[in-house]
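Have the model open as you read.

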Amino acid sequence: MFNGAFLHRLRRNCNAGDALRECDPQLTQLVDAVFEDVLLYPSQHPNVVSSASATSSEIITGDIRARSGWSAPKVDQHALVSSFLTRSKSARLIKNIVTWLEQTYVPTIEPTAGIYDNVLEYLRAGQAEEAVDLLEKHGYGLQATMLAGAIVSHVFVGDAAGASSRKYVGIAGNLSFVEWMKKAQAYSNDSRTPMNERAIFGLLSGNPSYYLSMRKTKSPESALWAESRASLMNFILAACEGGEDPQLNQKADSQLAELLRHLPEEERLIASCDFLGLAAHLSNRCVSIRDGAASPADFIALSNLCLLALHVLASLIAVLNSIANRGTPGMYVRSSSGAECITKLRSVVGWYGQFALKLCNNERIVNTSGPISSDVIRASSLVLLISAHLAPAESVDLLASFVALLDDSHSTAIDLCVMALEATASHEVINSIQLAQLVKDLRLTAIKRLNQLANETTIHPLRLLGCSQIAISGRMPLGHLLVYSVHAFLIRRFFMFEQYTVALKAAEAVSIYAQAKGLFQSSQGTTESVQFSEDDGTVLYQLHSECTCLLSALKGVYCSRWTEISRDAPLSLVEFPAAQDVCTDACADTEQHLLDTLEFINNGQLNNYDANGRYSKRMAQLEEQFTDGIETNGIKIDRFMSLRSIETTVTNQCCLKYCELMFRMGSLYANSGHMDEARLYYDKLGEFVVWIVAKDNVTGSVLADFLKRPVIKDMLGYISKGILCVEPMMLKEE
């Protein structure tokens with residue numbers, strides 16, 4: 001069954017390719033390479049797309065002007081090769097095979113082995129720079145220079161500015177790659193040349209025979225790599241020598257066919273871009289395995305098969321959408337074989353999704369008293385990813401089944417929701433009303449279940465913070481009212497348990513959400529078209545005010561920049577002259593957040609409660625959709641918490657923090673001899689007292705009414721000390 005690293009990858013990356021990479025990195029890289037080719041050269045892949053216009057935006061010719069210092073006059077061989085590869089699909093696929101075989105190979109470098117054995121290991125892994133370094137390190141300067149010229153000269157052309165010197169190192173007289181290739185061929189065929197060097201330079205100049213004779217004990221993949229790399233070198237040489245395109249393409253076609261013959265079925269179909277054949281092959285394999293599945297190994301095989309099919313399906317849809325959306329509209333359309341491929345792949349992954357859910361249901365029937373096992377939950381880890389790539393009706397069925405699973409299963413299932421909802425960002429299906437309602441139900445059920453788990457057992461606060469992403473990630477997020485309601489609830493809950501850092505993350509998440517949606521912004525350029533009733537609009541603004549006020553409070557009191565700079569040492573020990581700018585900036589930032597918070601409270605923007613201190617009825621109705629309340633140690637707390645209590649606590653802490661901050665900054669300036677600056681901060685203490693005892697002209701609120709006796713006592717201590725510090729300055733002025 002899937003291991004923890006695999007599930008972690010699903011949870012953190014929400015990408016079928018990254019998930020597959022955990023199980024089969026080789027196939028993933030090959031799939032990525034071939035779809036990149038489809039994206040760059042769609043007209044050469046009629047099995048995926050067909051041209052709807054005679055016009056094509058693809059560039060199929062290269063710039064073959066000479067570039068100084070790198071090629072013979074009037075011939076830029078690098079551009080010539082690039083142009084040839086652009087026109088020859090088969091040659092590019094051979095290049096993909098070479099790159100894939102190099103990227104998936106881990107070299108075995110042994111200090112006791114011969115120098116050339118290690119060089120060949122580096123070359124096998126495509127690490128040419130390391131091979132050159134190794135030769136230089138061991139005193140093989142000439143061979144290092146030859147190898148650098150071979151590997152660099154035919155792939156690097158350009159200005160010397162900013163490039164390493166090695167990129168301009170080559171054997172004497174290396175005016176062109178053709179010349180170097182012929183020298184290398186002659187060097188490798190010279191009987192006086194050591195066999196290891198013959199293997200290296202023969203391989204690089206299109207003759208793999210010496211390498212193959214030395215590496216008989218190596219894997220078939222290494223032999224295939226040698227043949228592929230030699231073929232590619234021969235094609236490049238022929239292109240540089242001005243070979244005819246039809247002849248080159250025919251040679252590439254025949255060589256590719258020969259190379260593909262040595263690959264296993266799945267790799268062959270992928271490397272050749274035969275996506276319809278691959279879909280049929282995966283479908284047949286799925287049927288044959290599932291009909292006889294009787295062991296855990298069979299299920300693992302089905303799971304890996306589904307992963308591959310899902311990654312190919314997701315990549316195919318993404319590439320087709322990208323091609324369709326670029327350039328002239330309608331230039332390319334999905335071919336009939338491309339559509340058939342998608343249908344076959346959807347049948348494979350759709351079957352697996354239903355199968356995984358049946359496993360969960362079966363265990364629920366067999367094991368009625370206990371929780372569903374982790375293995376079975378893991379079997380469902382792809383269900384939601386699958387739903388993001390199915391047709392609308394099939395997506396609805398899977399989502400409905402998964403909602404039921406969340407109602408009954410243990411906590412592991414919750415982690416799958418964020419992954420799946422983020423995956424819907426690339427969902428191809430139409431946003432049907434039924435599907436949108438199912439996604440909404442899934443989000444609310446997952447958030448409610450996660451809150452229940454937080455009441456039943458101790459869970460990490462960051463896990464509970466996952467409710468934020470469940471509310472807003474992917475397509476079809478919860479509406480603005482519910483998004484704000486979820487975040488307001490999370491912030492208040494984290495406040496209650498003094499988890500201020502996590503509360504700040506939740507407050508910042510909803511602030512970013514509001515900015516992305518253009519909510520409550522003066523500029524209408526990015527604002528979404530949102531229609532609310534007058535009551536709902538008022539509630540949304542109240543929730544926005546609540547979240548914004550608490551965000552300012554968190555940045556002013558609990559997670560302030562001032563706290564950060566004074567965390568490691570008391571401020572009295574700060575070397576103030578050296579840290580003056582840092583302290584001043586942190587103080588200004590913290591001061592602004594404190595004043596903003598108190599201004600919000602003074603204007604009644606945190607007063608979202610009724611006469612009994614409970615949340616307003618409309619806000620309570622919103623929260624009832626995703627929480628049953630909060631429990632601690634088995635005791636149910638006031639269901640919607642006392643926002644009035646939070647309002648009072650925040651007001652007291654902000655006022656006290658402001659007085660402490662102004663006094664500290666004044667003292668730091670005074671102790672360093674900056675008396676004018678010190679007085680500015682001490683004077684702010686007096687101005688602050690005048691403000692908090694004054695009645696607001698609009699709301700009639702008085703901040704001082706919120707203050708408790710111990711806080712007033714501490715504030716008076718700072719204010720009186722500030723006055724004592726200012727008095728000598730005033731006397732001196734007189």
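**Rings and helices**

Arg 92 lies over the face of Tyr 41, at 3.8 Å from the ring centre; a charge sits over a ring if NZ of Lys or CZ of Arg is within 6 Å of the ring centre and within 35 degrees of the ring normal. This is a predicted model, where local features need pLDDT of at least 70, side-chain atom pairs count only at pLDDT 80 or more, and totals for chains, interfaces and linings use all residues. Residues are numbered from 1 along each chain as its sequence is written, and side-chain values use heavy atoms, leaving out hydrogens and water.

Next, look at rings that meet rings. Rings of Phe, Tyr and Trp (its six-membered ring) pair if their centres lie within 6.5 Å; planes under 30 degrees apart count as stacked, over 60 as edge-to-face and the rest as tilted. By this rule there are 14 aromatic pairs. One of them, Phe 495 with Tyr 558, is edge-to-face, with 5.3 Å centre to centre and 90 degrees between the planes. Phe 495 lies in helix H24 (residues 480-496) and Tyr 558 in helix H26 (residues 534-558), so the pair ties together parts that are 63 residues apart in sequence. Helices here are DSSP runs (H or I, at least four residues), numbered from the N terminus. Both Phe 495 and Tyr 558 are buried, meaning under 20% relative accessible area (1.4 Å probe, protein chains only). Ring pairs also link Phe 495, Tyr 500 and Tyr 558 into a cluster.

Conventions
Helix = DSSP H or I, 4+ residues; strand = E, 2+ residues; numbered from the N terminus. Buried < 20%, exposed > 50% of the residue type's maximum accessible area, 1.4 Å probe, protein only.
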